[in-house]
Amino acid sequence: AEMEEFDKVPPLHKLSNQQRCRLISTCERSEEWKSSTKRETLGVLELELQRLLATSAENKLDLNRKELSGFRNLFSRFLRAKTFVDWSKIQPLPEHAIQPYSQLPGYDKTAIASMLSKLVVVKLNGGLGTSMGCKGPKSVISVRNDLTFLDLTMQQIQTLNKTYDVDVPLVLMNSFNTDDDTQKLLKKYANVKVAVHSFCQSRYPRVNKETLMPIVSDIESADHEAWYPPGHGNFYEAFHNSGLLDKFIAEGKEYCFLSNIDNMGATVDLSILNFVLNASAEGDAAPEFVMEVTDKTRADVKGGTLIQYENKLMLLEIAQVPKDYVDEFKSVSKFRIFNTNNLWVHLGAMKRNVEQQTLEMEVIVNPKHLDRGLDVIQLETAAGAAIKNFKGACGINVPRSRFLPVKKTSDLLLLMSNLYDIDNGSLTLSQLRSFPTTPLVKLGSSFDKVKDFLGRFSGIPDLLELDHLTVSGDVTFGKDVSLKGTVIIIANHGERIDIPPGSILENKIVSGNLRILDH
C-alpha cells in the first residue's frame, strides 16, 4: 500500500511541507524494511553455514572455515550492492590513466634476467572444455600441431628460463572441476625446465533463487551441481589462502602476470614488466595494478571497459550498465577499449588488500537452471574489478596481438591456420599477411564441438588473404583449400556442400548441393 501511495505522489516541488515529511517518512520506512530483511537473510545464511561447517571432516576444517567465511563476505556484499552504476557519476578518464603501449620506456637488455627474477606467471585454469564439446580442462584442447594450451604455455616459460638463465615459476589456478585432471597431466612435464605450482580456487555453495539459502546440507557432498567456482576474482583470496603468495614474496618476487590459459596472446612482455618494476625510477609511484586493454571492434562491444568513477579507476561490465545506456556502453567511439584480462599485480599490495579485506569487487549474479529443475544463483567476481583497490593503477593499451582467446571453434580455426606462425609456444600473426587485422569467422552449429569441427576439415584452409568467412549447415572442406576475401557457404536443411580439394574461393557465395563421393 505504501508503494502504491508512493507511485501516485505529484512532483516534490508541488507538495506541502506536511506532504513532504509524510513522503520522506514512507521512504525511510521502506528502506528500513529492506535493510531489516537483508539483515535477517544474512543471519539465517550464517546459521546455515555453521550447520554446513559442522559436517566437515576434521582434516578439512580450517580450509572449509576459510571458504565459507569468504562466501559469507561475498553474500553480504551481494545483499548491500547496487545493481547498476549511476551513469551521471562517470567522470572523464584522467590523463595517463591509459598508457599507449608504443610509448612505454625502453629497457636495459642487461637487466632482463634481474627483471624476470621478480616475476611469477599465473594462468587461470578453472574452465572446462564443455562449451566446445570436450571433457576435462579446457587447457588440454589441442591448438596447433597436437600441442595443447598447457603444452604451449610450458614451452613459452621454458624458453624464457633457458634464454635468460632464470627460473620464472608457472602457477595454475584450478577449480574443483579441473584440479584432479590437471595434477595427472602435470606429471608428463617432469623434465621441463619450469617450476610449476598449482592451487585450487574456492568452492562455494550455490543458493536457491527463491530462499537464497545453500541447496546443499553436507559440506562433504560430492554433488557437483551444488557447488561452483566463484569466478576469477576469487584469485587473490585463494592465492593467499594457498600459502603461495607468502612463499613468493619471501623469495623476492614482486609482481604476478595473470591471464586466461586460453588467451594465446598473453605471453610475458618485457616492456610491460619493465614499466611496472621501474616506473618509480622515473619519479612516479610504481603502479600496484596494470590492466592490459585493447581497442574495441564490433566483435568486442560487450567487453568490460575502464572508467573513472567516484575518483577511482573502475572496470565497468555490461551487467552494471543501466538499460537506457547499454547502446552508449557498446559505442566504439565513446568507450574505445576493453579489458583483455591480462593483469599485472604487485604481490605485496595484493597481500595487504586480502588481509585488510579491502577488495570490494562488484558481485556478478549468475543464474543457473539445474538438471533437477531447480533455479539457483551463483555469486561471482571478476579479477579485473579489483583495479579500484590498488594504488597507482592504470591501463596499457596493447596491440590486438596480445588478445587471442579461444572461446569457440571459429577462434581455433584461425590459430590452426597459416595465419599464425608458432615459435617456442608463442603464436604470432604471419608476416605473409599483408594487413595486421584478423578475419571475421562465423561457423554454424555443425562446427560447435571440436570433434565435429575437425571432422569437417581434411586440411585447414589457407586463410592468409581471408577477410570474412561464414559457413552454415552441412559443409566439409577438402585438402589444400584456399579462402580469400569474403566467402559465404550456406548448405540449407537437407543439403550438403563438399568443397573440393585444391579449391580457391575468392569473394564467392556457395549455396545448394555439392557432393563429392569416392568412386
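Residues with under 20% relative accessible area count as buried, those over 50% as exposed, and those in between as partly exposed. Keep those cut-offs at hand for this tour of a predicted model.

**Stop 1: Lys407**

Begin by selecting Lys407, in the loop between strand 18 and helix 12 (409-416). Its relative accessibility is 42%, so Lys407 counts as partly exposed. Now show the side chain of Asp262 as well: the side chains of Lys407 and Asp262 make a polar contact of 3.0 Å. Leaving out residues up to four places away in sequence, Lys407 touches Ser131, Met132, Lys138, Asn260 and Asp262. UniProt, in an unreviewed entry, lists Lys407 under "binding site", together with Lys138, Gln201, Gly231 and Asp262.

**Stop 2**

Gly231 lies in the loop between strand 10 and helix 7. Is Gly231 buried or exposed? With a relative accessible area of 18%, Gly231 is buried. Beyond its neighbours within four places in sequence, Gly231 is in contact with Gln201, Glu380 and Thr381.

His232 sits in the loop between strand 10 (227-228) and helix 7 (235-241). At 26% relative accessibility, His232 counts as partly exposed. To see what surrounds His232, display Leu124, Met173, Asn260, Asn341, Thr381, Ala382 and Ala383, its contacts once neighbours within four places in sequence are set aside. Thr381 is in contact with His232 and also with Gly231.

**Stop 3: an aromatic cluster**

Move on to helix 7 and pick out Tyr236. Which residue does the ring of Tyr236 pair with? Tyr236 and Phe390 form a tilted aromatic pair, 6.3 Å centre to centre and with 45 degrees between the planes. This pair links distant parts of the chain, since Tyr236 is in helix 7 and Phe390 is in the loop between strand 17 and strand 18 (394-397), 154 residues apart. Tyr236 and Phe390 are buried.

Phe289 belongs to strand 12 (residues 289-295), and 101 residues separate Phe289 from Phe390. Phe289 and Phe390 are both buried. To view the cluster, select Phe199, Phe235, Tyr236, Phe239, Phe248, Phe289 and Phe390, which together form one aromatic cluster. A search of the whole structure finds 19 aromatic pairs.

**Stop 4: Asn174**

Asn174 is found in strand 6 (residues 170-174). At 0% relative accessibility, Asn174 counts as buried. Its side chain has a polar contact of 2.9 Å with the side chain of Asp179.

**Stop 5: a hairpin**

Now show residues 364-369 and 375-380 as a cartoon. Strand 16 and strand 17 pair there in the antiparallel sense over six bridges. For one of the bridges, select Lys368 and its partner in strand 17, Val376. Five residues lie between strand 16 and strand 17 in this hairpin, and Gly373 in the turn has a positive phi of about 95 degrees.

**Stop 6: helix 9 and the cores**

Select helix 9 (residues 270-278), where eight of the nine residues are buried. Among them are Leu270, Ile272, Leu273, Phe275 and Val276. At the start of helix 9, a side-chain oxygen of Asp269 reaches to within 3.0 Å of the backbone nitrogen of Ser271.

Leu273 is also one of the residues with the most contacts inside the largest nonpolar core, which has 70 residues. Others with the most contacts there include Leu116, Leu469, Val475 and Ile489. A second, separate core of 37 residues includes Ala238, Phe239, Leu258 and Met350. In soluble globular proteins, nonpolar side chains tend to be buried together.

For a view around Leu469, display Leu413, Leu440, Val441, Lys442, Leu443, Leu483 and Val487, its contacts once neighbours within four places in sequence are left aside.

**Last stop: Ser482**

Finish at Ser482, in strand 24 (residues 482-490). With a relative accessible area of 9%, Ser482 is buried. Leaving out residues up to four places away in sequence, Ser482 touches Asp462, Ser503, Ile504 and Leu505.

Technical notes:
Residues numbered from 1 in each chain as written. Predicted model: local features only at pLDDT ≥ 70, side-chain atom pairs only at ≥ 80, totals over all residues. Heavy atoms only, no water. Buried < 20%, exposed > 50% of the residue type's maximum accessible area, 1.4 Å probe, protein only. Helix = DSSP H or I, 4+ residues; strand = E, 2+ residues; numbered from the N terminus. Polar contact = N/O pair within 3.5 Å; in protein donor to acceptor, adjacent residues only side chain to side chain. Pairing = 2+ DSSP bridges. Contact = heavy atoms within 4.5 Å. Core = buried A, V, L, I, M, F, W, Y, C linked by side-chain atoms within 4.5 Å. Phe/Tyr/Trp six-rings, centres within 6.5 Å; stacked < 30°, edge-to-face > 60°. UniProt positions renumbered as here; feature names shortened; annotations may be inferred.
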